[in-house]
Amino acid sequence: MRLLRSLGRLLLAVALPCLLALTALWAWQQPLFDTPRTLWELSRMPPPETLAVPVHGVQAGRIAATFGAPRDGGRSHAGVDIFAARGTPVTSTTRGVVRTIADRGLGGRQVCGLGPGGERHYYAHLDDWAPGLAEGDIIQPGTPLGTVGNTGNARTTPPHLHYGIYGSEGAIAPLPRMRAGH
C-alpha cells in the first residue's frame, strides 16, 4: 500500500509539471501571445544587413546620403530624407512590432517600429497613417505604414519621408543597408 502511495505521488510529481509545461507551450502559440512572442523572436534576431527602400517606387541610388548633415539648433541629421509625391505609400522595411503612432514634435505624423536586434525604425513626416494601423501590430517587410507628407518641422519642405534607425548606441545610417539591398 505504501508503495502504491509513493508511486502515485511520484507520478503526480512528474505528470503535473509536464501538464503545466504542455499547457504553457499551447498558450504561447495562441493569438493572445502573438505580440509578446514576436518581440521575443525579434530580440534574438540580428539586425538586418539589407533593407528595402520604404517609399514605393524610389530606388536607393536616388537617395542623397544626408545622414549626419548639420541641422538647426546644433543637431545632426539622424536618418535620410526620401523625396516623393505626397501620398506615395510608405511601407515597413523589416519585420517588427509597431511601438508608437503619434503626431508630435519634429517628426509630425510618425510611426516607430521595433525590429530585429532591438533596433527602432522611425518613419516621420507622414501625410497620413495606413488605415487600421495600431500600436502593438505585428508588421512584415512591405506592410503599409502610411503615406509621404511634410508634417512636423518639414511643413515648409517638399513632401518626403524621414527614415531613421536607432540602435542601442544611437542613430545608424540607413542608406548603406538600402543600397546593399539592391
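Trainee: On what basis may the model be read?

Mentor: This is a predicted model, in which local features need pLDDT of at least 70 and side-chain atom pairs count only at pLDDT 80 or more, while totals for chains, interfaces and linings use all residues. Residues are numbered from 1 along each chain as its sequence is written, and side-chain values use heavy atoms, with hydrogens and water left out.

Trainee: How many bridges join β6 to β8, and which residue is the bridge partner of Leu126?

Mentor: The antiparallel strands β6 and β8 are joined by three bridges. Leu126 has Val148 in β8 as its bridge partner.

Trainee: Is Val148 buried or exposed?

Mentor: Buried means under 20% relative accessible area, exposed means over 50%, and partly exposed lies in between (1.4 Å probe, protein chains only). Val148, in strand β8 (residues 144–148), has a relative accessibility of 1% and therefore counts as buried.

Trainee: With which residues is Val148 in contact?

Mentor: Contact means heavy atoms within 4.5 Å. Leaving aside neighbours within four places in sequence, Val148 is in contact with several residues, including Val55, Arg86, His125, Asp127 and Leu161. Val148 and Arg86 are 62 residues apart in sequence, yet their C-alpha atoms are 5.1 Å apart.

Trainee: What does Gly181 touch?

Mentor: Gly181 is placed in the segment after α3 (175–180). Not counting residues up to four places away in sequence, Gly181 touches Thr50 and Leu51. Gly181 is partly exposed, because its relative accessible area is 40%.

Trainee: How many salt bridges does a search of the whole structure find?

Mentor: A salt bridge is a side-chain nitrogen of Lys or Arg within 4 Å of a carboxyl oxygen of Asp or Glu. The search finds six. One of them joins Arg95 and Glu41 at 2.5 Å, N to O. This pair links distant parts of the chain, 54 residues apart: Arg95 lies in the loop between β2 (89–91) and β3 (96–104), and Glu41 in helix α2 (residues 34–43). Arg95 is partly exposed at 22% relative accessibility, and Glu41 is partly exposed at 28%.

Trainee: Which residue forms a salt bridge with Glu119?

Mentor: The partner of Glu119 is Arg177, with the closest N and O atoms 2.8 Å apart. Glu119 lies in the loop between β4 (108–114) and β5 (120–124) and Arg177 in helix α3, so the pair ties together parts 58 residues apart in sequence. Glu119 counts as buried because its relative accessibility is 3%, and Arg177 is likewise buried at 14%.

Key
Helices (H or I, at least four residues) and strands (E, at least two) are DSSP runs, numbered from the N terminus. Two strands pair if DSSP finds at least two bridges between them.
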